[in-house]
Amino acid sequence: MLRASITKNRILCGTSSTTRLSGTALRHVRLYSNDDISNPSSLAKSSNLPKIEQQLLKKPARQPKKKSPFLSSHAIENDPNYKMNSFLQSFGQSLIKIFNIDMDKSRAGPIAGSKYYGECKKQALYYPNEPLSESAKFYYETLNLPQSFSQWFQITALHYWILSVRMRALPFKYYRAYQQKLVDRFFRDMELRMSEEMGISSNRIIEGYLKEFNTQLLGSVLSYDEGLMTDDITLAAALWRNIFNGNPNADMRHIEALLGHVRQQLYVLNKMSDRQFGFGDFKFVEPNEVVKPLTKAQEVELRAAVKRNYENMDLPSQRSVLSLNE
Amino acid sequence: MSSREELLKKIVDLLKTLPQERLKHYASFKDVQIKRFSSSEMSSVSENDLKLQYISLRDLVNDKYKNYYTLDDKLLRPKGNPEYYNRIMADIRGEKKETIFSAFRTVVFGK
């Protein structure tokens, strides 16, 4: 049974395994529970089904030859400790105030086009001879997926879709702005990765690949949308076709683990307010963590904590019409 | 019938209950998996692994995760585009086809 003790901005519940809900406010929620949903990584590891390599390519997949800066070489995106100087800050704040700039729309660039794209990109990012992140280990070691550019694309496209489900729930003009920035950055980054990291020198070939990836993105988004609106098995089949490359020998335990992983991200996003999401407070839950549904009381407390967090934001650049309640 | 054969039969029976996919894809999950679990290759798999395969498949068919991580209308009828999923599902089910004019309107106005 869950025991909840509510402290400042934090809801703690009692018993065994630690889990985490993403998002700045949701990140403070730590839940412990005994019921039968385990984290996706452990679930996938519980199966010992013999692994049969899928022969997808005639020759080994092309691997990155060099490593470019994660998002760009600009300090804003490259330096986690970057701070704009105070003169520029006050000048910017004055401009926003004088011209009454719609900050929710302006925020789409740095949040969706940079922060959220970075979140999607890093989930399955790998470089030869470099240690894998926790989420990349889940995809390439636990689920035994091949390390290739197109596999990275498919996993990134899945995370793009997860975010776009939440973006649709923003007011229309902001949803369009956020989605546009995210997809633009996705394709611009793929183009750069292909030319700089993968060493493809022909623009014509890159353009051909981009068109192919665009078609694949449209197809996978449609399949995932269908799965979201129907049932688990339809969504699982969509994941099997797109992420597991239609592998006939795919492990059902792995498919279930990935489906649980996707569903828990959607649950966290469902519980986030527009304001939190619009301000970039979402982070994907790691595959070795498990989300437990919130009780009504926890939801009320969480909402109150979020409101307290955002109440003190009164700079012109922090203005927003996005809802704190839904 | 050994318990391994029973498990294989249960898996195949469960797979046979899946509805045919509404859209034609490059591979059908149902058909490919029925063929796989009906083949003799699965005879080398241990009973415990087969049991796990069956449990996972059963959980997926029973919508375990959909019911556990319930989503509300905030995501399923999004305010930015409330008809988005209805339009897609109507098209997939063949109830209402997108016309050239409605497609044009969607491209221009986004909904």
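Where is the place of Asn100(A) in chain A? Here are some friendly notes on that and a few other points.

1. Asn100(A) sits in the loop between helix H3 (86-99) and helix H4 (103-106) of chain A. Please keep in mind throughout that this is a predicted model. The backbone at Asn100(A) has a positive phi of about 50°, although the residue is not a glycine. That deserves a second look, because most residues other than glycine have a negative phi. Asn100(A) counts as exposed, because its relative accessibility of 58% is over the 50% cut-off.

2. Asn245(A) is another non-glycine residue with a positive phi, here of about 55°. Its place is in the loop between helix H10 (232-242) and H11 of chain A. Is Asn245(A) buried or exposed? Asn245(A) is buried, since its relative accessible area of 18% falls under the 20% cut-off.

3. A positive phi also turns up just after H6(A), where Asn144(A) takes a value of about 60°. If you are checking backbone angles, Asn100(A), Asn245(A) and Asn144(A) can go on one list.

4. Now to H6(A) itself. Which residues of H6(A) are buried? They are Ser135(A), Ala136(A), Phe138(A), Tyr139(A), Tyr140(A) and Thr142(A). An α-helix has 3.6 residues a turn, so residues three or four places apart point the same way. The cover over the buried residues of H6(A) includes helix H1 (40-45), helix H5 (108-123), H7 and helix H11 (252-271) of chain A.

5. Ser148(A) is buried, because a relative accessible area of 9% is under the 20% cut-off. Leaving aside residues up to four places away in sequence, Ser148(A) touches Ala61(A) and Tyr126(A).

6. For chain A as a whole, there are 13 helices and four strands. Of its 326 residues, 53% are buried. Among contacts in chain A with a separation of 6 or more, 70% are between residues 24 or more positions apart. The accessible surface of chain A is about 14,800 Å², and carbon and sulfur atoms hold 52% of that area.

7. Chain B has seven helices and zero strands, and its pattern along the sequence reads α-α-α-α-α-α-α. Buried residues make up 41% of the 111 in this chain. Contacts between residues at least 24 apart account for 51% of those in chain B with a separation of at least 6. Its accessible surface comes to about 6,700 Å², with 56% belonging to carbon and sulfur atoms.

8. What radius of gyration does chain B have? The value is 20 Å, whereas a compact globule of 111 residues would have one near 13 Å. The C-alpha trace of chain B spans about 60 × 30 × 20 Å along its principal axes. Chain B is divided into domain 1 (3-68) and domain 2 (73-109), and the C-alpha centres of these two domains lie 32 Å apart.

9. Last, the charges. Chain B carries 22 positive and 16 negative side chains. The centres of the two sets are 5 Å apart.

Terms used
Residues numbered from 1 in each chain as written. Chains lettered and ligands numbered in written order. Predicted model: local features only at pLDDT ≥ 70, side-chain atom pairs only at ≥ 80, totals over all residues. Heavy atoms only, no water. Helix = DSSP H or I, 4+ residues; strand = E, 2+ residues; numbered from the N terminus. Rg over C-alpha atoms; globule rule 2.2 N^0.38 Å. Buried < 20%, exposed > 50% of the residue type's maximum accessible area, 1.4 Å probe, protein only. Contact = heavy atoms within 4.5 Å. Areas by Shrake-Rupley, 256 points an atom, 1.4 Å probe, with all protein chains shown as cover. Lys, Arg positive; Asp, Glu negative; His and termini not counted. Charge placed at Lys NZ, Arg CZ, Asp CG, Glu CD. Domains from an automatic or database assignment.
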